[in-house]
Amino acid sequence: MLYGWICWGEKAALERTEILHAPFLKVTLHQGRAEALTRRRVRQAGRKLRKLGITQVVLPGNFPYREFLEKEGVFPVGTLSLRSEIAADWVRAALAGKGMAPSGVKVAVTAENLTAEVVRTVTELSLRHRFVGLSVPRGGEELGRRLRREYGVSLGLDSGAVERAEAVVEFTRGEKAGSLLTLRIWDETQPLPELLLPPGQEEALPADADRGQLIAALRRSGAVKQVSVAAAEGMISGT
């Protein structure tokens with residue numbers, strides 16, 4: 001899949017380029033002083049990208065004009081799959097950043113369906129924490145039996161499992177309040193943690209691009225095989 005990449009520059013341009021050998025159609029826009037002119041340029045860029053069959057783009061960081069692209073049928077690269085992929089490591093890094101031992105923290109996962117991403121997250125968390133709860137409409141009992149059989153760990157599947165949790169990973173919107181940490185996978189407005197790439201790849205990333213969108217695109221393109229989470233305080237806010 002060919003992604004678009006919008007960036008600011010002195011001279012407008014449209015060119016095919018590569019980042020870590022992944023192809024992108026790069027659109028350089030000049031951000032003038034007149035707000036109306038900049039908006040018009042953004043819409044023109046969106047119209048041109050859509051005409052070329054590109055509907056997902058990597059935007060500059062803190063890009064304020066995304067609504068004008070969306071009106072033309074062009075959207076930022078989604079980060080939901082990336083968020084799902086790093087969920088367990090995100091929890092561990094956030095707890096470590098707060099000086100807390102992950103193994104002693106009660107964790108719960110909420111989801112509407114037992115997808116592969118949910119199963120992976122629950123499994124990884126179960127191997128790191130003494131107590132892991134799971135709230136899912138169906139399939140929880142079967143997963144619990146499998147984890148007990150393969151790893152000797154138990155899942156909390158009762159109605160109070162989420163209420164007892166101090167850290168919650170939400171694959172679907174939840175209503176629990178008072179958690180020490182809440183990771184909302186479904187909410188792409190929640191800031192991502194600091195993501196680390198393998199040595200030799202970091203310097204190839206453009207500094208002005210939205211990092212989460214870019215890494216998500218590179219992961220889907222197969223250009224980046226591994227992403228890790230750096231420990232830092234305040235990566236996940238309390239509810």
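The model is predicted, and its protein chain has a secondary structure of seven helices and 11 strands.

**Overall build**
- Taken along the principal axes, the C-alpha atoms of the protein chain fill a box of roughly 60 × 35 × 35 Å, and buried residues make up 47% of the 239 residues.
- The protein chain exposes about 12200 Å², of which carbon and sulfur atoms supply 47%.
- Of the contacts between residues at least 6 apart in sequence, 62% join residues that are at least 24 apart.

**Largest pocket**
- The largest pocket holds about 490 Å³ of space, and among the 22 residues that line it, T79, R83, E188, D210 and Q213 are the closest to its centre.
- By residue class, the lining of the largest pocket divides into nine nonpolar, eight polar and five charged residues.
- Helix 7 (residues 211-221) provides the largest share of this lining, namely three residues.

**Residue Q56**
- Q56 is found in strand 4, which covers residues 56-58.
- Is Q56 buried or exposed? Q56 counts as buried because its relative accessibility is 19%, whereas the cut-off for buried is under 20%.
- Leaving aside residues up to four places away in sequence, Q56 touches M1, Y3, G4, F75, V77, G78 and R220.
- With R220, the contact includes a polar one between the two side chains, at 3.2 Å.

Terms used: Residues are numbered from 1 along each chain as its sequence is written. This is a predicted model: local features need pLDDT of at least 70, side-chain atom pairs count only at pLDDT 80 or more; totals for chains, interfaces and linings use all residues. Side-chain values use heavy atoms; hydrogens and water are left out. On a 1 Å grid over the protein atoms alone, a cavity is a set of points where a 1.4 Å probe fits but cannot get out, and a pocket is an open set with protein on both sides within 12 Å along at least five of seven lines; lining residues have an atom within 4 Å of a point. Grid points are joined across faces, edges and corners, and a volume is the space filled by probe spheres set on the points. Helices (H or I, at least four residues) and strands (E, at least two) are DSSP runs, numbered from the N terminus. Ala, Val, Leu, Ile, Met, Phe, Trp, Tyr, Cys and Pro count as nonpolar, Asp, Glu, Lys and Arg as charged, and the others, Gly among them, as polar. Buried means under 20% relative accessible area, exposed over 50%, partly exposed in between (1.4 Å probe, protein chains only). A polar contact is a pair of N or O atoms within 3.5 Å; within protein, one must be able to donate a hydrogen and the other to accept it, and residues adjacent in sequence count only if both atoms are side-chain atoms. Contact means heavy atoms within 4.5 Å. Accessible areas come from the Shrake-Rupley method with a 1.4 Å probe; for residues, only the protein chains shown count as cover.
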